[in-house]
Structures are given as C-alpha cells and as structure tokens.
Amino acid sequence: MKNILVTGGAGYIGSHTAVELLNKGYRVTILDNLSNSRAEVLHSIEKITGKRPDFFELDLCDRNSLEHFFNTQKIDACIHFAAYKAVGESVDEPLKYYRNNLLSLINLAELMIEKKTDHLVFSSSCSVYGEQDKLPVNENSPLPKAESPYGNTKQIGEEILADTVKVNPFNVIALRYFNPAGAHESALIGEYPIQPPNNLVPVITQTAIGKRKSMTVFGSDYSTPDGTCIRDYIHVVDIAKAHVVAIERLIHKKNKNRFEVFNLGTGTGHSVMEAIHAFEKATNVKLNYTIGEKRAGDVEKVWADTELANQELGWKAALELEDIMQSAWKWELKLKEEAGVEN
Ligand code: UD1
C-alpha cells in the first residue's frame, strides 16, 4: 500500500483529498502546522472513511524537523497543499507569504529529491492567469505579472518546480484550481473559517445563517450579461478526486513531461447573481444582499478550459453549482450545531 504524504492535510482541500485517498486504499500521512485548521478533522476523516491517517504536527519551514520526518517515515509520493492563501493578507504582509509558501516548498522539494521520493502534486491557482482576453483560459495562456504576493508565490512555486525537474529525477504535476467551494456530503469536513472569510460561498452561507446581517455584491456594471463578475466554481470533492488521479498518473509513470500543469475547473462560468440564486434555489433560504462597489483587484470574468484535464487525466468535474450550495449550507448548519453544543 503506497503511503501518500499530504501536507496541509488538515485544511480544506487537503482533508477532502485525504478522504478520497483513504477511500481508494492508500495509506495517508498528514503534515500540518494547524495554523489554519483543527486537529479534530482527523476524527472526521476517520468517521467518513473508517481509517485514520497518520498525523504529524510540523511546520514545513522547520527544515530540521522535516528532515527528521523524512529520515523516519517511508513516503512514496506527496501532495503539497500547505500554504497561506489569503490574498488581502498577502498584500499587507508580503514577506510572511514569500517566506512561508516558498521556503516550505524548497525544503520539501530538497528533501524529497534527497530521499528519492520523486512524485509531487503541487497546489496552484487560477489566480496565476489574472485577467485574460481569451476565455476560457487554457494552460498555455501567457501569465501576466501576479496581482498579489499570494498569486506570485504560486507563479514562483511553479517556476521553482519547472526548473528543478530539468536537472533532477523529479516529476511534478501542478493543479491550477479555479474557485473551490462546497463541502463533503457528510458535513463532517468543510472549510473551517478561522478568520472571517472573503470568498463568495462562505460569505453567502454565513449571511444566510445570520453570522452576517447582509452581504454585498461587489459591482454590478461589469461587462457580463447581468453586470456581476463571473467565476468557475468547482466542488471541493471534484478537486480532491483530481488529486488522486494526478498522483496515480505520477506513480504509474503515465505523465508525458516531468512538469505538467492542469486546470481544475468545471468549464462553466457563473456570475455572482447566479451563485446567489443557486443558493436560494438549493436551500429555500432567502439571502439578504445589497449591490455595492467593485472590490479592488477583482478580475471581471474567468473560467477554465478543461480540455487538457478531461483528455489527459480522464477527469471531469461531476458536481454542479447547486451541489456546491447544498453541501456548503449543510456544513454551515453543522458548524452552528457544533457552536451550540460548545456554548
Ligand atoms: C479569490 C482569490 C484567488 C483565490 C480564490 C479561491 C482574490 C483577488 N482572489 O478569488 O486568488 O484563488 O479566491 O480561494 O481574492 N464576491 C462578492 N461579495 C463577497 C465576496 C465575493 O460579490 O462578499 C464576488 C467577488 O467580487 C468575485 C466572486 O464573488 O466576483 C468570487 O469571489 P471570491 O470567492 O473572493 O474568489 P475570487 O475573487 O475569484
């Protein structure tokens, strides 16, 4: 049984991926410093799958601890999620982002190469595309200068890996996520909001549950059919499944290049108003919202060309916007229930 290292495996996408790996019979070892996640997620993963992942509380920036980990554990392949991801915070604290996201990647890649663990799946982001004229965006679209230090850590991360595979026996797949949202159907795992979220779907569910009085639609005069921004919202479980496919592609040596990049999206864009209506339809809950100013730095419209992932990985998103909304709502209700128990 292959042992897959999942860094950041206690986090949002990492925990969903751990579930899919365990369901497919892999052994899973999670490394996480719990800076934006909770150790309780390990119980939830066990409840869903009947199997408990191995867990080490460890900061990937701490090279000595990471080296000790690699000296004592046998790892076959790695999916690297651990990173900071708040765009606004990265603008305020760029060095914190560059240090954490890049140092952790460098430490991990160096030690993997040293230990001859040569399969790595890297979490990238559609934010590397910025604003593109040609839609949908495909993997060959030229990348503009990143809009934020966060986005830049993803661009630089890809470059570090692309350069590294040229001179080392190392194989990497970078997955560029569009807008991950939703939660596991069991409502046992989801995105745990340690800080107030800025992303649309958690803002919607928090407004609906009353954690916020109202939400703002950021801008209504974009050149889109209803004037609001368009994004490609993709269910987190679809994203998790794509990681299993990607790691298997590497393990079975099916990759065509040492460094490959794939978009993970549905291929369909939805506007902010469509997302709000999908939530109301899926849950029968009315949302209190107002139309406000544009948010600085927002891209008008972006959605994925999924052809390459569909063809090469044989993967296709199966869930839709309403599934995202239903599962996100179920998760929000579960968080409320938990908070009630604690009070
Ligand atoms: C953001 C990040 C991106 C990251 C992605 C997924 C920025 C600039 N980009 O993308 O790097 O990969 O999240 O985590 O932050 N909206 C509202 N009202 C709200 C919240 C959002 O109208 O209260 C709108 C936004 O204007 C946008 C859409 O909803 O049009 C989606 O926003 P969001 O969920 O924050 O994702 P992105 O901005 O696409």
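Which helices and which strand each supply at least two residues of the lining of the second largest pocket? The legends below take this view and then move on to others. This is a predicted model, in which local features need pLDDT of at least 70, side-chain atom pairs count only at pLDDT 80 or more, and totals for chains, interfaces and linings use all residues. Residues are numbered from 1 along each chain as its sequence is written, and side-chain values use heavy atoms, with hydrogens and water left out.

**View 1. The second largest pocket and its lining.** Helix 6 (149-167), strand 11 (259-264) and helix 10 (307-313) each give at least two residues to this lining; helices (H or I, at least four residues) and strands (E, at least two) are DSSP runs, numbered from the N terminus. Strand 11 brings the largest share, 4 residues. A pocket here is an open set of points on a 1 Å grid over the protein atoms alone, with protein on both sides within 12 Å along at least five of seven lines, while a cavity is a set of points where a 1.4 Å probe fits but cannot get out; lining residues have an atom within 4 Å of a point. The pocket holds about 270 Å³ of space, a volume being the space filled by probe spheres set on grid points that are joined across faces, edges and corners. Of its 17 lining residues, Glu 139, Asn 140, Phe 259, Glu 260 and Val 261 lie nearest the centre.

**View 2. The shell around the ligand.** Among 18 residues around the ligand, Leu 200, Thr 216, Arg 231, Arg 295 and Asp 298 come nearest (a residue is near if one of its heavy atoms lies within 4 Å). Strand 8 gives the most to this shell, with 3 residues, and helix 7 (200-209) also supplies at least two. Look next at the polar contacts, which are pairs of N or O atoms within 3.5 Å; within protein, one must be able to donate a hydrogen and the other to accept it, and residues adjacent in sequence count only if both atoms are side-chain atoms. A ligand oxygen atom is 2.8 Å from an N or O atom in the side chain of Arg 295, and an oxygen atom of the ligand is 2.9 Å from a polar backbone atom of Phe 218.

**View 3. Ser 141 and Asp 221, two loop residues.** Ser 141 sits in the loop between strand 5 (119-125) and helix 6. Is Ser 141 buried or exposed? Its relative accessible area is 14%, so Ser 141 is buried (buried means under 20%, exposed over 50%, partly exposed in between, with a 1.4 Å probe and protein chains only). The Ser 141 side chain reaches the backbone oxygen of Asn 138 at 2.8 Å. Asp 221, in the loop between strand 8 and strand 9 (230-231), counts as exposed at 59% relative accessibility.

**View 4. The largest cavity.** There are 2 cavities of 30 Å³ or more, and the largest has a volume of about 140 Å³. Its lining has 15 residues, with Glu 191, Pro 202, Thr 205, Ala 328 and Trp 331 nearest the centre.
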